[in-house]
Amino acid sequence: MIPVTKTFLPPLSEYQKYLEKIWQSGWLTNNGQFVKRLEKKLKKYLGVKYIFFVTNGTIALQIAIKSLGLPKNSEIITTPFSYVATTSSIIWEGYKPVFVDIDPDTLTLNPEFIEKAITRKTKVILPTHVFGFPCNIEKIKKIAKKYNLKIIYDGAHTFGAKYKGKALTSYGDISILSFHTTKIFHTVEGGAIITNDKKIADKISFLRNFGHNGLYDYFGLGINGKNSELHAAMGLANLKYIKKNIENRRKICNHYNQLLFKNDQNLIKPKLLPGAELNYSYYPVIFPSEIQLLKTLSKLNQSDIYPRRYFYPSLSNLPYIKDQKMPISENIASRILCLPLYYRLKKKEINNIYSIIKQSF
Ligand SMILES: *Cc1c(COP(=O)(O)O)cnc(C)c1O
């Protein structure tokens, strides 16, 4: 069976070494030694000022939004082409997601459409660097500056991806990462909030920990967003392999590229902006029609190969979203498929996937 992804696991003996130290210390959570060490290493790896390791990418988004202390009824401009957590977090925090359609080439929020969507209630722009393809960072920044808006990037897919030589997560007022098992770098469950702004960082540090100011005092309202020593240990064990992991995925993607795009014109790939460096976390391809996609998918499934329709449906079609039709996102969502991509995927298997796709046309 070939799924869309398989979790990367470090050698068990390496994880066990961390477990032994955790058993010795008896300290399992609440800002322990491995949480601190992981945050320190990630800060260096990503080249950012502040990073907070939290329980998952969704709580990272929610704390990021909460940290801005927005007035009631605020509107947040966001992308309809992302995972559901991008939209649901906005609503969970009590704000209104206002979709702006995507650029059909990069699949990210189209900056040309943003200004039309801005109202007096707009306070934040929350785009996603979907599949690790960067948004138009310069244009979004310019608009945010003009209208005095904050930018939160959903960078759940971006670990190891770069833009103009810097980590993609170093842009925006706040960025978040997901370290879920299905992501390129994982801590089983986990995520991070990243910022270079000290004021925001101070706020996030108490929001993550019940609002605590020491043992018996509180800065304000908070939630439990802390992650554990066992999760941090998985991160430390995995971090050692991230370079190898990305390099290996790059080779797999190149092999797919050779097969799918050298002679055939059947499929389209999203476009990467100049200055961008992928982390090869996904391999998305766009079909000429949904009918063709379903035909190819069914042929692959018959051979026990299971790509995924990331991201389908377009978030503008969620049952709790009303009257926000996004034609480009809905069209792309109906035609896009992520092909299998993981550490141990073999050349032979890729060749087989390719020949099934080719025959299905
Ligand atoms: C995975 C993902 C999230 C949520 O992360 P979790 O760690 O699973 O909570 C948010 N946004 C995007 C784009 C994602 O793919």
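1. A residue counts as buried when its relative accessible area is under 20%. S89 has a relative accessible area of 0%, so S89 is buried. The model behind this value is predicted.

2. S89 belongs to helix α4. The S89 side chain reaches back to the backbone oxygen of A85, at 2.7 Å. Leaving aside residues up to four places away in sequence, S89 touches T58, L61, Q62 and I65.

3. Now the helix itself. Helix α4 spans residues 84-92 and lies across β3, β4, β5 and β6 (150-154). Helix α4 runs at about 140° to β4.

4. Next, the sheet. The sheet is open and is formed by 7 strands. Their order is β2-β10-β9-β6-β5-β3-β4, with mixed pairing. β2 (50-54) and β4 (96-99) stand at the edges. Each has a single partner strand, so one side of each is left without a neighbour in the sheet. On average, neighbouring strands are turned by 25° against each other, direction ignored.

5. Strands β3 (residues 75-78) and β5 (residues 122-126) run parallel. They are joined by 4 bridges. Which residue in β5 is the bridge partner of E75? The partner is T122.

6. Helix α7 deserves a look as well. Helix α7 covers residues 198-207. The strands that helix α7 lies across are β2, β9 (174-178) and β10 (191-195).

Terms used:
Residues numbered from 1 in each chain as written. Predicted model: local features only at pLDDT ≥ 70, side-chain atom pairs only at ≥ 80, totals over all residues. Heavy atoms only, no water. Pairing = 2+ DSSP bridges. Helix = DSSP H or I, 4+ residues; strand = E, 2+ residues; numbered from the N terminus. Axes fitted to C-alpha atoms, helices over the stretch in contact; angles between N-to-C directions. Contact = heavy atoms within 4.5 Å. Buried < 20%, exposed > 50% of the residue type's maximum accessible area, 1.4 Å probe, protein only. Polar contact = N/O pair within 3.5 Å; in protein donor to acceptor, adjacent residues only side chain to side chain.
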